[in-house]
Amino acid sequence: MTIDRRELADFLRRSRDRVRPADVGLAEGPRRRTAGLRREEVAHLAGMSADYYMRLEQARGPQPSPQILSALARALRLGDDERDHLHLLAGHRPPAGRFGGDRVGAGLLHLLEQLPDTPAQVLGDLGDVLAQNDLARSLLGGVCTVSEHGRNVVWRWFTDPAARDAYPADEHDHYSRLHVADLRAAVARRGAADPVAGRLVERLREADEDFAARWDRHEVAVRRRSRMRVVHPVVGPVDLDCQVLLAQEEDQRLVLFTPPPGSDTADRLALLRVVGTERFPSEVG
């Protein structure tokens, strides 16, 4: 990514004009010639020299660092979208968005219930199952939350042998690689200092040698779509296309399980809706 100095300069000027002195605790003053902030005031609020900021507004300054951009975003009272725009103009990727944690928004929960014919669930970025609709629960099984990482699909895949029983044995290596590579990407997005991600990886390395060996390979692949087969104890093998959609929160994803074209999955899912929830070991997610 490269810096767009002209657009960056224009955006800084326009943003500065939109901030009133009173918005940042400054007096208007009788001699103020502009309704917005002065360059010197923005520089002071952002903790940088007035000369450095002036050069940015004149499209002749150096490429600002992400730390400087964050300080400018705070000084100029930018919203999340404006902050991201500022980073992009300066040639940097925007910082991570807001995390939802364990709480799933009402809109996503409502959407889950409006998909009675499609298994769907909300996953955290580290693999925690946060919510499921009825059909996903019937197909993939309920979520155990007895242990610290009990609802985490990566933890269950590598530490609970029964979690793999529902999937063809010749596909186990594929799912193992998928889980580890996706977790690698999530941990990197959160940063090395994230305690939740660090604790999960530490416990997985201690609990399973296979996970530790795969983690050391440093394979990375964000899961966006895939094909999987679930061998359900009541309706038999179910082929599924998995589509991963990002939620507004940075750490949550909506996963839809849909019938592949030409398959009998729709009929098997319809049967599953009739028979209801059966006890079932786990899910790949």
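Visitor: Among contacts between residues at least 6 apart in sequence, what share joins residues at least 24 apart?
Guide: Keep in mind that this is a predicted model. Take the contacts in the protein chain between residues at least 6 apart in sequence, then pick out those that join residues at least 24 apart. That share comes to 58%.

Visitor: Which residue meets Asp-125 in a salt bridge?
Guide: Asp-125 is in the loop between strand S1 and strand S2, and its partner is 65 residues away in helix H9. Asp-125 is buried, because its relative accessible area is 5% and buried means under 20%. The side chains meet at 2.9 Å, N to O, and the partner is Arg-190.

Visitor: Asp-173 and Arg-214 form a salt bridge, so how far apart are the closest N and O atoms?
Guide: This pair also links distant parts of the chain, with Asp-173 in helix H9 and Arg-214 in helix H11, 41 residues apart. Asp-173 counts as partly exposed at 43% relative accessibility, whereas Arg-214 is buried at 10%. The closest N and O atoms are 2.7 Å apart.

Visitor: Is Asn-152 buried or exposed?
Guide: Asn-152 sits in the loop between helix H7 and helix H8. Its side chain reaches the backbone oxygen of Leu-126 at 2.9 Å and the backbone nitrogen of Trp-155 at 2.9 Å. Its relative accessibility is 1%, and the cut-off for buried is under 20%, so Asn-152 counts as buried.

Visitor: Which residues form a nonpolar patch on the surface with about 320 Å² of accessible area together?
Guide: One member, Val-274, is found in helix H12. Val-274 counts as exposed because its relative accessibility is 68%, and exposed means over 50%. The patch is formed by Val-234, Leu-271, Val-274 and Val-275.

Key
Residues numbered from 1 in each chain as written. Predicted model: local features only at pLDDT ≥ 70, side-chain atom pairs only at ≥ 80, totals over all residues. Heavy atoms only, no water. Patch = residues over 30% accessible without salt bridge, like charges linked within 9 Å, V, L, I, M, F, W, Y side chains within 5 Å. Areas by Shrake-Rupley, 256 points an atom, 1.4 Å probe, with all protein chains shown as cover. Salt bridge = Lys/Arg side-chain N within 4 Å of Asp/Glu carboxyl O. Helix = DSSP H or I, 4+ residues; strand = E, 2+ residues; numbered from the N terminus. Buried < 20%, exposed > 50% of the residue type's maximum accessible area, 1.4 Å probe, protein only. Contact = heavy atoms within 4.5 Å. Polar contact = N/O pair within 3.5 Å; in protein donor to acceptor, adjacent residues only side chain to side chain.
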